[in-house]
Amino acid sequence: MYRFLLTPRWLGILALTLVAAMVMVALGNWQLDRYRGRTAVNERIDAGLRMAPAPLREALPAPTGGPGTAGPPASEERTFTRVTVTGRYDTDNIVLVRGRTVESKVGFEVVTPLVLADGTAVLVDRGWIPPAPGGAMAQPQVPATPTGEVTVEGRVHPSESGAGTVTRREGRLETRRVAVPQLARELPYPVHGAYLLLDEQTPAADPVFKAVPVGHANNWQNLGYVVQWWIFAAMTLFGYGWVARREARRLAGVTDDRPRDRAAA
């Protein structure tokens, strides 16, 4: 009854069906890997909020190059680790990161190099502030930067990608993204390969600053894609079986004996 499946035509259909199903399963497996990776990121973000701060050196290797260079990035396991470090803010090289949204408002994040005792620096995102009157890109009034020794507690954030140009306007650097290697080229000292999102500071930070939240990755979307691709794979195999059975019944002369509605005929 099913000997026709061994003909070249049906063997070709079977091969195409199996290839399509395998591709869909592979796409599902790829999305499963992305789901697991994003889940791990979310778990590190949550763990960073709960953990006691560790010294910066335990989470982020020191830069080994000369001025204007960035050190190695934080390892994946150390990303969003909470750390503490002491140094002095470099008020001559404040970075304004424009076009940043917090609580549905567009403004600036203020990133300031914290120069450590060994002459290296780590970039500290001190928080978000609104623009000056005149538009979202109007340079804001930045609160005074603490002078003297400052102790910072914050979370290690990886360098951002896709950065545009870095310009200097009215004595401050401006950019769209916190791309550490690119910003390091504008600074007179070696810079650590990741930056810190400020949680606490001694002396206390100006209340004008709003803390920059760390957004969780949408891992459930990836899980939905996993289910979607695997269902498509199962439907492809089921469709092959259904078409093959229908062909077998046709060749065997089996017809549908169910009564038909004369009015619909």
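In this predicted model, helix α1 (residues 8–50) packs with α4 at an angle of about 165°, and their axes lie 7 Å apart; axes are lines fitted to C-alpha atoms over the stretch in contact, with angles running from 0 to 180 degrees between N-to-C directions. That makes α1 roughly antiparallel to α4, a label for angles over 145 degrees. Helices here are DSSP runs (H or I) of at least four residues, and strands are runs (E) of at least two, numbered from the N terminus.

Helix α4 spans residues 219–251 and includes glutamate 247. This glutamate is buried, at a relative accessible area of 19% (buried means under 20%, with a 1.4 Å probe and protein chains only). The side chains of glutamate 247 and arginine 250 are joined by a polar contact of 2.7 Å, that is, a pair of N or O atoms within 3.5 Å, one able to donate a hydrogen and the other to accept it. Beyond four places in sequence, glutamate 247 is in contact (heavy atoms within 4.5 Å) with Phe4 and Trp10.

Residues are numbered from 1 along each chain as its sequence is written. Local features need pLDDT of at least 70 and side-chain atom pairs pLDDT 80 or more, while totals for chains, interfaces and linings use all residues, and side-chain values use heavy atoms, leaving out hydrogens and water.

How values were computed:
Buried means under 20% relative accessible area, exposed over 50%, partly exposed in between (1.4 Å probe, protein chains only). Angles under 35 degrees count as roughly parallel, over 145 as roughly antiparallel, 65 to 115 as roughly perpendicular and the rest as oblique.
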